Amino acid sequence: MVPRKILLVDDSETVLMMEQMILKKDRYQLITAKNGKEGVQKALETRPDLILMDVVMPEMNGFEAVRCLRQQAATQSVPIVMVTTKAEAESMEIGYEIGCSDYVAKPIDSTELLTKVRSILGV
Amino acid sequence: MKKITSESVRGVESSRTCGKADTPRVKNHYERSAQLAQENRQRHAKVESLTQELERCRAELTATEFSAVTAHGQGRLGEPFTVVETQNQSLINLFVAATRLHSNTERIGVLTAIREILSDLIGSQAMAVFEIDASANTLSLVECIGIEPEPLARIPIGSGPIGKVAATGEPHFGNDGDSRLVACIPLKLGPRVTGVIVVFRLLEQKQELQSSDHELLDFMSAHAALALHRTAAQTQLNAAHRSRK
């Protein structure tokens, strides 16, 4: 069985490592990117089944990256979970408006992240 | 003993109607029998009703017992699961922190790792790292986010909660009486204090430090100090190599 691909986009190496530690036990194929621009590029190249996207990043922030991905035919329906310190209602509303599927607030809770990923990927 | 049933009572009653030439004594006997049969029927009805009530109570008790056992079982299973989950989260945090701190050979990389650990793993919104400047007997601010750096650029050792942590080597938490900071942890190389890590504020969604955060801060106390010391030693070594060449 081909493992599901998850693209992890975050400028913090600590968060990327944390996400990899949590998700690797479910045997996903994990791809990483360090900012929104690299995230969009890798999403178009690798066609992931799910994207975990940080909000505050250099070069291109998470919201801009989501808008960009939603405009591309190849990625317009890929589920995107925003992983962010901004848990305020306003940020969440913007995220949902531009087409993100769900939110995970930092600091990441491993059970919450795994549950959401499994639920979205239908595992 | 022969059991008196409704049928047998009805038999007695019907036989009474047949005896037209009965003596008064026999008549009394029949009347008494009919009365007893009537009482018997009423008691039968009562027994039947009580039997039904008993069955209903038994079913209710079984259901209650099942719920109680299930709830108890879930409690017994659920509690260790939560504990394991917390331990798992704590281990992941410690592993990530150790890897980030000790995989960096540059001082800037270690300071970035400390900042990320405090913000991304603990949930700190405002933090600072100080190092002791032994020659001036002060703490110097070397890394910060979410605070104005100027007022905290240099803190005399022993002054205020941050200076006291540097002086005593004992951690200080906001719930110890000072609400201006959440946690103040000494950076220690063995018994020697080399600096202080301060968490001024947590993210809005994080109410308070958890036990796993305390474990991580304990870990940082020794390992962040070691990682910073190692990079400083490496820098000195590199400088010595260059001068020798």
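Analyst: Happy to! Keep in mind that this is a predicted model.

User: Which residues meet in the contact of α1(A) with α3(B)?

Analyst: From α1(A) come A:Glu13, A:Thr14, A:Val15 and A:Met18, and from α3(B) come B:Ala113, B:Glu116, B:Ile117, B:Asp120 and B:Leu121. They divide into five nonpolar, one polar and three charged residues.

User: How many residues are in contact between chain B and chain A?

Analyst: On the chain B side there are 19 residues, in contact with 16 residues of chain A. Two elements of chain B, α2 (24-102) and α3, each give two or more residues to that side. The largest share, eight residues, comes from α2(B). By kind, the chain B side has eight nonpolar, five polar and six charged residues.

User: What does α3 of chain B lie across?

Analyst: Helix α3 (residues 107-122) of chain B lies across β1, β2 and β6 (192-202) of chain B, and runs at about 145 degrees to β1(B). Those strands belong to an open sheet of six strands in the order β3-β2-β1-β6-β5-β4, with antiparallel pairing.

User: What makes β3 and β4 of chain B the edge strands?

Analyst: Each of them, β3 (154-156) and β4 (172-173), pairs on one side only.

User: How do you know that β1 and β2 of chain B pair?

Analyst: Two strands pair if there are at least two bridges between them. Strand β1 (residues 124-133) and strand β2 (residues 138-145) of chain B are joined by seven bridges and run antiparallel, so they pass that cut-off. As one example, B:Met127 has B:Ile145 in β2(B) as its bridge partner.

User: Why is B:Asn137 called partly exposed?

Analyst: A residue is buried with 20 or more other C-beta atoms within 10 Å, and exposed with 12 or fewer. B:Asn137 has 13, so it falls in between and is partly exposed. B:Glu204, in the loop between β6 and α5 (211-244) of chain B, also has 13 C-beta neighbours inside 10 Å and therefore counts as partly exposed.

User: And what makes A:Arg27 exposed?

Analyst: The cut-off for exposed is 12 or fewer. A:Arg27 has 10 C-beta neighbours inside 10 Å, so it counts as exposed. A:Arg27 lies in the loop between α1 (13-23) and β2 (29-33) of chain A, and its phi is positive too, near 55 degrees.

User: Why is strand β1 of chain A described as largely enclosed?

Analyst: Four of the five residues of β1 (residues 5-9) of chain A are buried, so the rest of the structure largely encloses it. β1(A) pairs with β2(A) in the parallel sense over five bridges. In that pairing, A:Ile6 has A:Leu30 as its bridge partner.

User: How do you know that the buried residues of α3 of chain A are on the same side?

Analyst: The buried residues of helix α3 (residues 62-71) of chain A are A:Gly62, A:Phe63, A:Ala65, A:Val66 and A:Leu69. Around the axis they cover an arc of only 160 degrees, so they are on the same side of α3(A).

User: Which peptide bond in chain A is cis?

Analyst: The bond from A:Lys106 to A:Pro107, where omega is near -5 degrees. A:Pro107 is found in the loop between β5 (102-105) and α5 (110-121) of chain A.

User: To finish, what does the secondary structure of chain B come to?

Analyst: Five helices and six strands. Of the 245 residues of chain B, 25% count as buried.

Note on methods. Residues numbered from 1 in each chain as written. Chains lettered and ligands numbered in written order. Predicted model: local features only at pLDDT ≥ 70, side-chain atom pairs only at ≥ 80, totals over all residues. Contact = placed C-beta atoms within 7 Å. Axes fitted to C-alpha atoms, helices over the stretch in contact; angles between N-to-C directions. Nonpolar A, V, L, I, M, F, W, Y, C, P; charged D, E, K, R; others polar. Arc of directions from axis to C-beta.
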